Amino acid sequence: MADTINSTGSEFVFSDWLELFQKYRDDMEKELETVRLHKKEVQNIRQEIYDRYENGYFLRDDKRIVISAPEIIIGNVNKSGQLLDSTSTVVIRSSGIDIQGVGDGGYIRNKATFIEQRAVDSGCDGLEEVVHDNASVMTQARSILLDSNDSTEVYTRDISQKKMTTGIAIHTDTVLDIDASVSRHEWTKAIEDKVKVLNDNLSTLKKEVDEKLDEIKGLFDEMEKDLEGDQELLSSEIMSSTNIGALESYGQQLADRSIKLSRSIDSFLVSVSLYAEQYRQQKALTEAKMTKSEDEFKNNVTGAGISINAEQIDITNTDGDHAVRENDGTYLRIMSKNIFVGAVNGKNENHEKGTIALRGESILVETNDRKKNGDDLDMPTTGKVEINSKEILVSSLDYEQKKDQERTEKNLTEEGNIRIRAKKINVDGTDLEGTAAGELTMNSGKISVVSAEVDKESREIKEIHKGGTLELATETVTIGKDAAEKILSEKIEAKTNTELKLIQGDKATLTVSGNKLTVEDDGTNFSKGELTVDVESKFNKKMTATTIEANDVTGKKVTVNNCLKAPSLTAQG
């Protein structure tokens with residue numbers, strides 16, 4: 001044991017070791033560079049301890065070691081290569097690890113119940129998890145296959161038998177979750193929870209570190225006493241049998257304490273490294289904690305995004321047999337504050353023949369909100385729907401498509417119905433200056449314009465709406481023909497329950513009320529044809545006529561020319 005004593009002969013090396021351990025303990029909350037420097041400083045101590053007191057085999061060469069054989073097995077195995085029953089671990093630690101499978105049939109296989117890959121720097125002792133700026137995992141191949149098989153005992157699909165040319169195939173029997181998002185909870189509450197756990201661990205570890213350091217100090221004191229006794233025996237001038245027995249006793253005590261010391265030092269250094277790493281993580285997480293308020297987080301861009309780019313993109317609800325799923329739980333949902341679907345080119349210009357098609361048994365476009373009202377939902381209509389195009393066609397038509405041809409209209413859909421329903425409906429053909437510049441045409445076998453109450457279920461007319469009005473206002477109103485006189489009505493009928501009025505200016509000129517016709521105007525002129533009155537007539541004002549022809553009571557015709565004028569006249573034959 002002479003080499004454990006300082007060369008001066010008066011100071012033991014233990015004091016130097018203890019000084020290094022104490023400084024490492026005092027600096028375990030400092031920056032990573034300082035902690036790693038201490039790990040290097042104590043490296044020689046750990047190496048000497050393992051060299052002297054730990055069982056095992058160590059092989060090292062400062063240049064190169066080559067292990068060569070047609071088959072190499074590394075692990076806790078017997079001579080046949082089978083794993084022994086005891087738990088074992090194989091660790092490969094280096095600043096660079098290169099695994100190569102050479103040749104056209106070269107391969108690398110990883111098999112385990114659990115396989116983990118993390119881009120972290122584990123440090124010289126494997127106890128660190130430092131994430132550097134360039135932390136990354138890269139995979140490159142002509143074909144890549146990822147498969148999640150929901151089975152036990154044996155996988156139902158053998159991916160080694162699946163033949164792929166090029167591309168990436170991702171398959172799962174259950175859930176495929178692709179998520180690009182920032183969680184405020186993860187960067188606030190979750191960090192707080194992690195920091196709390198780390199603080200609890202740090203309190204326990206700090207206590208362990210101090211206890212183990214005290215234990216090492218005690219063992220150092222005991223070993224120094226043993227070594228001092230050993231020195232005294234060796235320096236005795238007379239070597240008696242008692243002295244030799246004492247020397248052997250001291251030697252055994254020293255060997256036992258050396259083994260215990262080596263394990264205590266190793267345990268101490270592991271605890272200090274664990275404390276330094278968890279303290280570094282706690283500090284990094286505390287600094288990384290998000291300080292934005294909930295409103296700031298909601299209203300600011302996080303930068304998260306997903307980009308899907310391909311010449312052809314299909315999104316379908318099919319099962320593993322490529323059959324379309326038809327159960328009620330089948331759906332495709334797109335949720336966002338802003339959604340854009342466009343048939344545009346790289347300049348954001350419309351493709352000349354670009355199309356967007358929506359097809360389904362039922363299509364709903366709505367701006368109804370959802371408001372919780374106890375267990376129920378209120379769905380008030382908010383916002384607006386805009387449809388803008390050079391030509392807008394709303395139709396209820398059946399189509400047909402001949403082989404290798406475009407589809408064509410076949411006929412009007414039987415019982416087809418287009419309904420516009422709102423409290424206010426405005427059809428506007430005015431330009432930006434407010435000038436009526438457009439044209440409105442309604443064409444159908446039957447056109448009804450009503451202001452009436454309807455049945456709430458069938459929507460059929462029940463009765464006239466009390467107070468309802470119909471207004472037609474334009475410079476010229478033509479009823480019965482079009483402007484080009486290509487269309488001429490066979491019959492025009494006006495029906496009213498109580499009163500019919502024609503108004504010119506601010507005065508009614510024609511009134512039909514109570515089965516009585518009243519005409520009020522500046523003069524009525526019948527310029528063509530005949531006026532026949534088949535009922536008793538009464539004239540209460542002046543009447544002027546060029547010629548009056550009448551029959552007397554005997555049927556004889558009486559003619560009066562330019563000579564019948566009276567405010568009141570009764571003629572009787």
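Hi everyone. A word about the model: it is predicted, so local features need pLDDT of at least 70, side-chain atom pairs count only at pLDDT 80 or more, and totals for chains, interfaces and linings use all residues. Residues are numbered from 1 along each chain as its sequence is written, and side-chain values use heavy atoms, with hydrogens and water left out.

Let's start with the whole protein. It has seven helices and 13 strands; these are DSSP runs, H or I of at least four residues for helices and E of at least two for strands, numbered from the N terminus. Of the 573 residues, 12% are buried. Here buried means under 20% relative accessible area, exposed means over 50%, and partly exposed is in between, with a 1.4 Å probe and protein chains only. Among contacts (heavy atoms within 4.5 Å) with a separation of 6 or more, 44% are between residues 24 or more positions apart.

Now the core. The largest nonpolar core has 24 residues, and Phe-21, Phe-220, Leu-261, Ile-265 and Phe-268 touch the most other members. By nonpolar core I mean a set of buried Ala, Val, Leu, Ile, Met, Phe, Trp, Tyr and Cys residues joined through side-chain atoms within 4.5 Å. Two or more residues come from each of α1 (14-26), α3 (43-53), α5 (189-235) and α6 (241-288). The largest share, eight residues, is from α5.

Which residues does Ile-265 contact, leaving aside neighbours within four places in sequence? They are Trp-17, Phe-21, Ile-45, Ile-49, Ile-216 and Phe-220.

Two of those names come up again. The whole structure holds three aromatic pairs, meaning rings of Phe, Tyr and Trp (its six-membered ring) with centres within 6.5 Å; planes under 30 degrees apart are stacked, over 60 edge-to-face, and the rest tilted. For Trp-17 and Phe-220, the ring centres are 6.3 Å apart and the planes are at 55°, so this pair is tilted. Because Trp-17 lies in helix α1 and Phe-220 in helix α5, the pair ties together parts 203 residues apart in sequence. Both Trp-17 and Phe-220 are buried.

Next, helix α2 (residues 32-41), where Leu-32, Val-35, His-38 and Lys-39 are buried. Those four cover an arc of only 125° around the axis, which puts them on the same side of α2; the arc is that of the directions from the helix axis to the C-beta atoms. Glu-33 and Lys-40, on the other side of α2, are exposed.

Is Asp-27 buried or exposed? Asp-27 counts as buried because its relative accessibility is 8%. This residue is in the loop between α1 and α2. Not counting residues up to four places away in sequence, Asp-27 touches Thr-34, Val-35 and His-38.

There are charges over rings too: NZ of Lys or CZ of Arg within 6 Å of the ring centre and within 35 degrees of the ring normal. The charged end of Arg-109 sits over the ring of Tyr-107, 4.3 Å from its centre. Likewise, the charged end of Arg-407 sits over the ring of Tyr-399, 3.9 Å from its centre.

Back to our opening residue. Most residues other than glycine have a negative phi. Asn-515, though, has a positive phi, near 60°, and at 85% relative accessibility it counts as exposed. Asp-404 also has a positive phi near 60°. Asp-404 lies in the loop between β5 (397-401) and β6 (407-412), and counts as exposed at 76% relative accessibility.
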